[in-house]
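Work through the exercises below with the sequence and the structure open. Each task is followed by a solution in steps.

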Amino acid sequence: MVADRGYYKGEEILACEESGITTVLPKPKTSNNPANGLFGRGDFRFIPQDNEYVCPAGERLIWRFRNIEKGKTLDCYWSSACQSCAIKSQCTTGQHRRIRRWEHESLLEKVQRRLDHCPESMRLRRQTVEHPFGTLKAWMEYTHFLTKTLQNVRTEMSLHVLAYNLKRVMSLLGVTALLEAIAA
Ligand code: SF4
């Protein structure tokens, strides 16, 4: 399963994994730290065997506590060296830099490694999935839907998609094969 970052949700990635679905998708950029000139989460490396992070200053962020937020179990890490750190101004405006780690974070790291190994998958996704929407918009002459209310618009969109799919099958297999498939 290849998706864009808009579909990134840890719980759903976990559900896919548990269902045997291999996911490839990029992480959304939710932190403002890099934009503000501060180290990003990617600058901190997790050491699984020690259950600690290493920060850009080479210090260890040790495990502090575990809590549950919005149904997710999170572990919290920080270093005691932040107060005397020479590069603290590039890291945090607080007393110390905290890193929170979801209990299934290793799965998200695995998904990221998968993406790193096949970066072309996102281009393939765009070519495959975005193209039908562009075609549908062109058929609609880049204007709004003709109907109103969710139920009606949903029906109108379904008809567009049905027409697209029929035309696509006809161009790939031909009308005869399509009719035979429908009859079967
Ligand atoms: S402020 Fe703390 S976490 Fe950040 S680089 Fe310095 S020691 Fe590491």
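**Exercise 1.** Describe how helix 4 and helix 5 meet, and which residues make the contact.

Step 1. Helix 4 covers residues 150-173 and helix 5 covers residues 175-183; helices here are DSSP runs of H or I with at least four residues, strands are E runs of at least two, and both are numbered from the N terminus. The model is predicted, so local features need pLDDT of at least 70 and side-chain atom pairs count only at pLDDT 80 or more, while totals for chains, interfaces and linings use all residues. Residues are numbered from 1 along each chain as its sequence is written, and side-chain values use heavy atoms, with hydrogens and water left out.

Step 2. The two helix axes come within 7 Å and cross at roughly 120°. Axes are lines fitted to C-alpha atoms over the stretch in contact, and angles run from 0 to 180 degrees between N-to-C directions.

Step 3. Helix 4 contributes Leu166, Val169, Met170 and Leu173 to the contact, and helix 5 contributes Val175, Ala177 and Leu178; contact means heavy atoms within 4.5 Å.

Step 4. By class, these residues are seven nonpolar, no polar and no charged. Ala, Val, Leu, Ile, Met, Phe, Trp, Tyr, Cys and Pro count as nonpolar, Asp, Glu, Lys and Arg as charged, and the others, Gly among them, as polar.

**Exercise 2.** Is tyrosine 164 buried or exposed, and which residues does it touch?

Step 1. Tyrosine 164 is found in helix 4.

Step 2. Its relative accessible area is 10%, so tyrosine 164 is buried (buried is under 20%, exposed over 50%, partly exposed in between, with a 1.4 Å probe and protein chains only).

Step 3. Leaving out residues up to four places away in sequence, tyrosine 164 touches His131, Pro132, Thr135, Leu136 and Trp139.

Step 4. Tryptophan 139 is 25 residues from tyrosine 164 along the chain, and their C-alpha atoms are separated by 9.6 Å.

**Exercise 3.** State how the chain is divided into domains and how far apart the C-alpha centres of the domains lie.

Step 1. The domain assignment gives domain 1 (5-117) and domain 2 (120-183); such bounds come from an automatic or database domain assignment.

Step 2. A distance of 39 Å separates the C-alpha centres of domain 1 and domain 2.
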